[in-house]
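Subject: Structure handover

Hello,

Here is the structure we spoke about. My notes on it follow below.

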Number of protein chains: 2
Amino acid sequence: MSTNPGRAVIAGIGHTEFSQDSGRSTLRLASEASIAALRDAGFASNEIDGSVTFSMDTNDELALIRSLGIPLLRFSARTRGGGGGANATVQLAAAAVESGQAEAVLIYRAFNERSQHRFGQPVRPSPDPAWNWAVPFGLDTPAKIYSLTFQRYMHDFGLTNEDFGRYTVVARDWAATNPNAQFFERPITLADHQASRWIVEPILRKLDCCLESDGGVALVVTSAERAEAHGADWVDILANGAMHLRDGHEMFNYFHDDLSWFDEGASLGADLYARAGLTPDDIDVAMIYENFSPIVFQQLEAFGFCGRGEARDFIADGHIGRGGSLPVNTNGGLLGEGYIHGMNNIVEGVRQLRGTAANQIDGARHVLVTAGRSGTILGARNR
Amino acid sequence: MSTNPGRAVIAGIGHTEFSQDSGRSTLRLASEASIAALRDAGFASNEIDGSVTFSMDTNDELALIRSLGIPLLRFSARTRGGGGGANATVQLAAAAVESGQAEAVLIYRAFNERSQHRFGQPVRPSPDPAWNWAVPFGLDTPAKIYSLTFQRYMHDFGLTNEDFGRYTVVARDWAATNPNAQFFERPITLADHQASRWIVEPILRKLDCCLESDGGVALVVTSAERAEAHGADWVDILANGAMHLRDGHEMFNYFHDDLSWFDEGASLGADLYARAGLTPDDIDVAMIYENFSPIVFQQLEAFGFCGRGEARDFIADGHIGRGGSLPVNTNGGLLGEGYIHGMNNIVEGVRQLRGTAANQIDGARHVLVTAGRSGTILGARNR
């Protein structure tokens, strides 16, 4: 497949170390990740003219461009919500490039999510009224909030927490051989998982939860033509988008008729495959956002890698691990490498297609990166 | 000039009343404005598949689509910062349409900015470090923050507060004949202005400040082809963009070498004119964001309507009022109609080009809408 020269691609990736205590400001983390991405892409600061980050990011664009020496931004956008919007950063950047609003867009996300503002801690009522139907009744942490839908999934298909543990064992196995991972060289057994303490009994144990992390990730998105001219080892964005359905909610997704089915993911998957002209069989590696292990099961089904209720066996049968038919979260995922709001999964997708991943999958040509409500199908430069 | 059928246009406009006390939730304001914009464009709820609002907006996209019956969003984006991003909403929506990420985008902005969260009240230190260079020293309201640069402008060009008053008199004159304006039928004289109390002496009086307001504004952006097919009375987006310069800041714009020159506006203006193939002489109406009256003077100069330091005479000579060479803020502006973070100025720009403004300028074909750091040149459908 030839690439339209004006089509947006990912030209550069960068990140800091992923840790529990960065010891420096989030602006510095954002700057370090950005410098790494610019160098990786072969772009100078003055060639960037657009930026994208999360609405939640506390790093002001103008503070960052001062830090980096970027002369100006003609385009600047932010995604809604949380990690579900990880791939929407790529969408906004690609829209800017493809519509001519910017030539090269810097995407960044950086936080001290372990050493400063921990997402896993109880929240207080918010201006969003939907939260106030639940928070005052004790649903005040993401683990509790998500567990209601995970419990329905367990009930419908007969899963126990041990089944979820089988995912964590795989993620930790990948992490064990990825030097960037916080759990590098620290694989676990299912018994270890089952010995970890309950967070929400009988649904989630500690080892089902992503790693609250400090760190920063950055990407450079530009046109294929410009990336090529800079000698960047770019990867193609074959399809990219977001999907928010009526009666959905970022976290309290309790309003759909069927709580054990990830409707947004299924609609998004259908959309992405159609746009890329691919099917789930064409995907060589899947990078699946996991704040908690059960959401991998729901997304494997929603994105068509197995039938409904079949993720338990799909994982138990070894499909997602080393040598499996669909390696999943080969960096160790957000449970094993670190939780940079899903952005580090995009970095791993790019590496797999460049052939530079720590746990490289031979001949990877197509990578699905999904955050449930936003996703990207990346394609190798020379497919 | 023929319009590329895939090019984005503004197909619909909608708003609530502008008041000091809406008496209802911001979600309801956003919904009412959105319904009005959809009806105006001739679009059904299920034809919208994208959304744009401000990062600061407290109305969650998913709450709004539930309220409106919109089945899904494939694209969702937010602008950075405050009212300086008003026209960036159109930029993000246009980028979505022109890149194929969405077919029709709903833009909304709604708040109870007078009856609930008043922007004019003192702020506390923020996570943005730049604020903390100034807030602890007493620069804790927008009026105080902006006044430092306004004072430099007064010093450099010999203006007094009376000069600023001449702008307010014009704005209130336009507002007096606009039934949507909060100051409908309430014109003032320069003596009235000079009798209003000081907010920041000797720079700003109360009548130099925008109207803290409750209300909502919505727009529908889609392709020219789709707008035409729906029978919408669309207007063309001839050029649109944002401009953030290194060493700039959303409010504390103290880091540029020259504090009396609005560098972002000048760069943005040059960019917009070049893209539209127009000059300042081609602009029939200018809608200029004014949190405070002096910023109109700075933008008149930055966007090339008069030379540097000449805005005082340009305004005193009657250019911006009724019968003037460049009617400015014909709705009464944010001082006279209401402060909906600049979004109501876009609505007025569309009305002028449709020929439906309360203070219609005969034969208006090109309208510049500027919020200083973001701007749009709108063109009449049949120029």
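A salt bridge here is a side-chain nitrogen of Lys or Arg within 4 Å of a carboxyl oxygen of Asp or Glu. The side chains of Glu61(A) and Arg80(B) form one, with an N to O distance of 2.8 Å. Between chain B and chain A the count is eight salt bridges. Please keep in mind that this is a predicted model.

On the interface: 39 residues from chain B and 39 residues from chain A take part in the contact. The two chains bury about 3700 Å² between them, and carbon and sulfur atoms give 51% of that area. Arg66(B), Arg80(B) and Arg246(B) supply 18% of the area that chain B buries against chain A, more than any other three residues. There are also 27 residue pairs in polar contact across the interface. On the side of chain B that touches chain A, the largest share comes from H3(B), with five residues. That side divides into 15 nonpolar, 11 polar and 13 charged residues.

Strand S3 of chain A (residues 72-73) runs antiparallel to S10(B), and two bridges join them. Leu73(A) has His244(B) as its bridge partner in S10(B).

Away from that topic, there is helix H9 of chain A (residues 294-302). Nine of its nine residues are buried, so the helix is largely enclosed by the rest of the structure. Among them are Pro294(A), Phe297(A), Gln298(A) and Glu301(A). Just after H9(A), Gly304(A) takes a positive phi of about 80 degrees.

Regards

Conventions: Residues are numbered from 1 along each chain as its sequence is written. Chains are lettered from A and ligands numbered from 1 in the order in which they are written. This is a predicted model: local features need pLDDT of at least 70, side-chain atom pairs count only at pLDDT 80 or more; totals for chains, interfaces and linings use all residues. Side-chain values use heavy atoms; hydrogens and water are left out. Buried means under 20% relative accessible area, exposed over 50%, partly exposed in between (1.4 Å probe, protein chains only). Helices (H or I, at least four residues) and strands (E, at least two) are DSSP runs, numbered from the N terminus. Contact means heavy atoms within 4.5 Å. Buried area is the accessible area (1.4 Å probe) that two parts lose on being put together, summed over both. A polar contact is a pair of N or O atoms within 3.5 Å; within protein, one must be able to donate a hydrogen and the other to accept it, and residues adjacent in sequence count only if both atoms are side-chain atoms. Ala, Val, Leu, Ile, Met, Phe, Trp, Tyr, Cys and Pro count as nonpolar, Asp, Glu, Lys and Arg as charged, and the others, Gly among them, as polar. Two strands pair if DSSP finds at least two bridges between them.
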